[in-house]
Amino acid sequence: MEQQHMFTNRMIRNLLVPVVLEQILNSIMGTADTMMVSNVGSAALSAVSLVDSINVLLIQAFSALAAGGAIVCAQYIGQKNYERANMSARQVLFIITAISVAVSAICLIFQKPLLRLIFGAVEADVMRASETYFFYTALSFPFIAAYDSAASIFRAQDNTKGPMLISMISNVMNIGGNAILIWVFHMGVAGAAISTLVSRIFCAVVVLYQLRKDRQPIVVRDYLKIRPDWAMIRRILGLGIPSGIENSMFQLGKLAIQSTVSTLGTAAIAAQAMTNILENLNGIAAIGVGVGLMTIVGQCLGAGRKDEAVYYIKKLCVIAEVVIIVSCLTVYALARPVTILGSMEKTSAAMCIHMVTWITIVKPLVWTMAFVPGYGLRAAGDVKFSMITSCCTMWACRFCLCVFLIRVMGFGPMGVWIGMFADWTIRGIIFTWRFHSRRWLEHKVI
């Protein structure tokens, strides 16, 4: 029976494990990065967290555009049309790198006015540190975009191990660079930023070099000779832009919620910040399952096997549910030791553990259906539905309900999570209905 399916259990395991590990590693390393900068002082930490809120917004957008390209590549590979798969890969690299160079140039030219516009009147030393950190991280945008594009092309052809290894080495380089530049050379925020820039350049160079090798279906050489094919670019952006808007809206929503939480006092802010980190950690592995699902569904639909696409969405939802339960219980067990290690005040630690307890109860019940089928639907080209649903539930529940609960009802930081639970539940119901309606199978990507 197993042989009748396009992907055996072993193939699924080989595809998913590296993606999941890469997601977990990136998340842990990001946290370690922030902790190392916190040793420089509070102005440095504030600058890094403020600038990272912009950086994450842009990097998520590049990543979503790359995912749009990966869907096109995966469908051509499923169709066994390797010539078109190669053409689409070249266009993915061209357009996303071009967009990132333009974004990087705008950020560098309008650096000071942009930071003042977004952060308003922050203290002078925070603004100085922000300008330094933003300068180096903006230089790295084209490299992170090139890496995302090439990594998504590898994933589209079932190679998730390569991007994972490159990402692992680059993360270790980043932490090592931080240690040397911050603690040995005392370069502060500039040290952290330069270390990030160097590790991103390394990622881009290695992954583009690997893409030139003949051992895979998609081979891209002569990068400077790539010319735009506007019909293919429209197809890629048609899938990537709605996903980019969806990702960016999530980040904007987070920023908007932050400003509401910041009215609650220091203890609540600290509790919410730590809870955010822990909630991110307990969901990151299941997001990896979703990323892998896009490749599987893309290839099934390229091969014209709609029944297989339906089967794998169901199968990977079950896998994601198991992963979520294990992740939530693991993070719950670690929550108390983490609050002690982080030297949190008693009030903050108690608030944090209260919120993590509720997340551990609710997340396994509703999270999987709210997110994992969405990856499969996007791989089928059903990106606008996903974008509209996510934006509506996010602004209605995560933002409006959350602000109402905190500012009017006096719920404290728990109001954020009640809004979040409502968002997950409604999204889960809508995506389950959409999945069973089979309307998502009517889209044509290629």
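Two residues are in contact when they have heavy atoms within 4.5 Å of each other. Keep that in mind as you explore this predicted model, in which local features need pLDDT of at least 70, side-chain atom pairs count only at pLDDT 80 or more, and totals for chains, interfaces and linings use all residues. Residues are numbered from 1 along each chain as its sequence is written, and side-chain values use heavy atoms, leaving out hydrogens and water.

**First stop: a loop.** Select Phe411, in the loop between helix 13 (383–408) and helix 14 (414–437); helices are DSSP runs of H or I with at least four residues, numbered from the N terminus. Leaving aside neighbours within four places in sequence, Phe411 is in contact with Leu405, Ile406 and Ile418.

**Next: helix 7.** Select residues 161–184, whose end C-alpha atoms are 34 Å apart. Which residues of helix 7 are buried? Among them are Pro163, Met164, Ile166, Asn174 and Leu181. Now show helix 1 (9–38), helix 6 (141–156) and helix 8 (188–210), which are included in what covers those buried residues. Just after helix 7, look for His186, with a positive phi of about 50°.

**Last stop: a helix pair.** Select helix 3 (residues 82–109) and helix 5 (residues 124–139), whose axes come within 9 Å. Ser104, Cys107 and Leu108 in helix 3 meet Phe134, Phe135, Ala138 and Leu139 in helix 5.

Conventions: Helix = DSSP H or I, 4+ residues; strand = E, 2+ residues; numbered from the N terminus. Expected span 1.5 Å × (residues − 1). Buried < 20%, exposed > 50% of the residue type's maximum accessible area, 1.4 Å probe, protein only. Axes fitted to C-alpha atoms, helices over the stretch in contact; angles between N-to-C directions.
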